[in-house]
Amino acid sequence: MTSNMQHGPDLDALIGETDIRALMAAARTKRDRAFGSFITYSPKVFIPLTKACRDVCHYCTFAKPPRPGQPVYLSPDEVLEIAQKGKLAGCSEALFTLGEKPELRYRAAREALERLGFETTIDYLAHVAALVRDETGLLPHLNPGTVTAAEFVKLRPVSASMGMMLETTSARLSERGQPHFGSPDKDPVLRLATLDAAGVAKVPFTTGLLIGIGETREERLETILKIGDSHEEFGHVQEVIVQNFLPKSDTKMRAFPPADPIEHQWTIAVARLLLPESISVQAPPNLAFGSGAELIEAGINDWGGVSPVTIDHVNPEAPWPNLEKLADITATQGKTLAPRLTVYPRFIEHANDWIDPGMLRFVLRSAEASGLAFEGNWVPGGLETPPTIRSGGGVDALIRAILDLPAGKELSEAQIVTLFSARDDSFHAVCAHANALRCAVNGERVHYVVTRNINYTNVCTYACRFCAFSKGKTNENLRGPAYDLDMEEFSRRVREAWARGGTEICLQGGIHPDYTGKTYLDLLRHARASAPGIHIHAFSPLEIWQGAATLGLSLADYLSKLKDAGLSSLPGTAAEILDDEVRAIIAPGKITTGQWFEVMRAAHTLGLKSTATIMYGHVEQPKHWARHLIRLRSHQLEYGGFTEFVPLPFVALEAPIYLRGQSRKGPSWREAVLMHAVARIVFHDVINHIQVSWVKMGPEGARVCLQSGADDMGGTLMNESITRAAGAVHGQEFAPWQMEDLIRSIKREPRQRSTLYGPVEEERRHRAMQAAPLAEMVNTPFRSRKIVAGQATP
C-alpha cells in the first residue's frame, strides 16, 4: 500500500485495530482540534435532473432506464419549481444529482437532449444550474460523476462546488460478479482522474467512500490515502463522505447484508485520523444504524446535505431527520448544529482562487462572516422579521470558560472570535452575561440624546466601496443628486434643531474637493452663532485629517483651532474596520488604521471626547472584529476619550460593493446582536456605554440589543441621510416619546442625556417632547466653491 500523504498512525495497526473505542477517541480529539464544538450541515434541495445512467451499479436504486412516454430529464420549469420550494424553505444549496452520461447508452436520452437544445447532459446541466442560481440565488452543487478537464471548465462558472463519490479504488470490485461490473464510469482510474482534474480546475470538491459492498479494510484504507494524495497536491477536497451501504429491494444486491455499524465507525475514525484537518468527514444521518450520535462519536464533523423539501432520491427509503431532531441528536454529544454552505469557509476566504467571479456574488450573499450559512431573511435597515435563535444543546465549554473569567479581564483575539461563534444556548448565555454586565455598570437606565444630523454635503473625492451616500465621478448613479448646503440653509437647520429641543448637532459630510480646513472652521462658527448653547459633535477623523493637511497644520494645532471655534466632541466614524487588510478592500486610499488612531490620540489629549464605531458585515471576518475591539480597548486604557461604542451594521442594498457582488449583505441577526453583547464583555469597565443604532437595527432589533448588553439608543436624529442612502427604510426621526415608549416596553428607565452623558435641563426636555414638525429641507445643488473672476464656477 503506497501513498504520498504524510500520515501518522501505523497502517497495518489500523487495519488490525479491534479497540474501536480508543480509535474513535483519537479521531474525536483530532476532529475537535480542527472544528471545535460545531457539527455542520447544508440545508439543501435535491434536484434529480435525470435518473438515466449508462452504469448499472448493482446496489443503486437511483438509476432507471428511460421508459416510453416518460421524460428522461426534468424540464427547466420543473427544475425551477423544485428550487423555488427549497428557497422558500430556507435552503441555500441546490444539489444536482444525475446519472452518468446516459446519452452514451440510450437513444431516448440523445433525443431528449436534442429536443431541449443540448448535445450532452453536461451542457444541459450547466444551463439549468445557471438558471437556478440566477432565478433563486441558491448555490448549485453538481454531482455529474466522472468529468473531463474541459467539462470542469464548462461547469465551474455555474457551480459553487462539485462532487463525485470515489467509492473505492479497488479494481476488484469491477470484476464479474462484483457490484461495479458493467459500470464503465466506476473504473477507479477514471474516478481518480476526475478527482485530480477537479483539483487542476480549482473546484471545491466533495468525494467519499461507499463501505459494505464487499471491500476490505485494506481497500478502504487505500481509497482514503488516494483521496489524501490528491488533496495534498491540489488542496481542493472539502469533505469526504463515509457512506454505509444499505440494501435496496429492487437491486441485485437486495440480499446483501447492510454495512457493519462497527466497520462504519472504524472507517469514519480512520478517515479522520489519516486525512488532513482541513477536510471535513461526513456521514449521512438518515442512513445511521442508531440515532446518529454514534457517528459523531466516531469522529464526523458534518452531516452533509439535509433537505426540508425533497426526499433523498439516492436512498428514498431513508427520510432525513427534521432539523430539531438533528440538533437534539447533535447536542447529546456536546455539539452544536450549524448550517453551512455547499462551499466551505476556507474556499470562500480564498475566493479569488476557488470561486468563479460570476458565482461569488451569490456565495457572498448566502454567507455569514465566518463563511457559514446566513440564517433568516433579516438584514440591517430592513423590515424583515428577525429569526428566532434556537435554545438547547447547552453552553459550549470554551464559551462557558470565557464567561466565567473575572469581569473586565482582557480577552485574546481567539477568545473574542470564540464568543462571536456562539449559537443556540451559547448565544443566549453570551447575551445574558452581557446584559448582567450592562446592569452592573448602568443599572436599568437606557440613554438617548436629542440630536440633529446635518450632512452638509454628499460630494466626496473618495470612492469608498461601501458608501451609497457620497457623490463623485464613480458613483453618480446612486441615490439622490449631489448637494452642498449653503450657509443659510445650514444655519437654519441648526436653529431649528435648538428650537425643537435639541441638545446636540452631529455634523458630517463627504470630502468635498473644494473644502479646506477653513471650511470646517466656518461651519463651526456658523453653528455656534446660530445656537450658542448647542453641543457641536462634528467631523470624522477623515475630515480632521484632511482639514489639517490642507492648512499645513499638525493634528493637535488644527484640533485646537476647531475647539476654539466651537467643536465640542467628535464622532468616531470612518473607523469601518480598524484593520488595514480590510480597509484596503473597502476604502482604498482612505486614512489607515494608524492615522485614525493618530486623530483620536490628538483629540483625546486635548480633552475632546469622541465615540468609537465599527461598520461590519461586508468583507471582513470575525478575527477582524476581534482586532478592532482589542485596538479600541487598548487606546481607551491609555487615553480614556471614548464615551460610547456604536456598532453600525452594514446596510448593503444600495452600497456599490454589494451591487457589484463583492460583499456580503450585512451581518446576520445573530451576528448583529452578538456584536453588541461581545462589545459589552470586551469593554467592561473600559467603555461604559454600548449604543444600538435604531436606524440600522430597527425598533425590534433595538429592544433585543438593549437586553443583550446595550444601554444607549443614540440620537433622535431628526434627519438621517447616510443609512437611508444605503437602502434602509426606518424613519429619519425617532422622537423622544417614541424612544421612551420603546424603553419602557422592556421595563427599563428612559434617561435623556447630553452628548457626554450629563443631565439635560427640563426646558430642553419639554421642548423636545413638544417639538413641531420639521420644516421642508432644501439641499443646495452642488456648485464648485472655487472662485474665478468673482464668479462661482460650476
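Here are a few friendly notes on this predicted model, point by point.

1. **Ground rules.** Residue numbers start from 1 along each chain as its sequence is written, and side-chain values use heavy atoms, with hydrogens and water left out. Because this is a predicted model, local features need pLDDT of at least 70 and side-chain atom pairs count only at pLDDT 80 or more, while totals for chains, interfaces and linings use all residues.

2. **Strand S1.** Of its 13 residues, 13 are buried, so the strand is largely enclosed by the rest of the structure. Buried here means under 20% relative accessible area, exposed means over 50%, and partly exposed lies in between, with a 1.4 Å probe and protein chains only.

3. **Partners of S1.** Two strands pair if DSSP finds at least two bridges between them. S1 runs parallel to S2 (residues 93-98), with 6 bridges joining them, and Pro48 has Thr97 as its bridge partner there. S1 is also parallel to S9 (residues 336-339), through 4 bridges, where Ile39 stands opposite Leu337. With S8 (residues 302-306) there are 3 bridges, again parallel, and Pro43 is partnered by Val306.

4. **A crossover.** S1, helix H3 (residues 76-88) and S2 form a right-handed β-α-β unit. Right-handed means that, with the strands pointing away from the viewer, the path from the first strand over the helix to the second runs clockwise.

5. **Arg423.** Where does Arg423 lie? Its place is the loop between helix H16 (413-420) and helix H17 (424-442). Arg423 counts as buried because its relative accessibility is 4%. Leaving aside residues up to four places away in sequence, its contacts (heavy atoms within 4.5 Å) include Phe38, Leu337, Glu368, Glu375 and Arg670.

6. **Cysteines.** How many disulfides does a search of the whole structure find? The search finds 0, a disulfide being a pair of cysteine sulfur atoms within 2.5 Å. For Cys60, the nearest cysteine sulfur belongs to Cys57, 6.1 Å away. Cys60 is partly exposed at 26% relative accessible area, whereas Cys506 is buried at 8%.

7. **Helix H20.** Among the buried residues of H20 (residues 541-551) are Leu542, Ile544 and Ala548. The cover over its buried residues includes strands S12 (504-508) and S14 (569-570), together with helices H19 (517-530), H21 (555-565) and H23 (593-605). Just after H20, Gly552 takes a positive phi of about 70°.

Definitions and conventions: Helix = DSSP H or I, 4+ residues; strand = E, 2+ residues; numbered from the N terminus.
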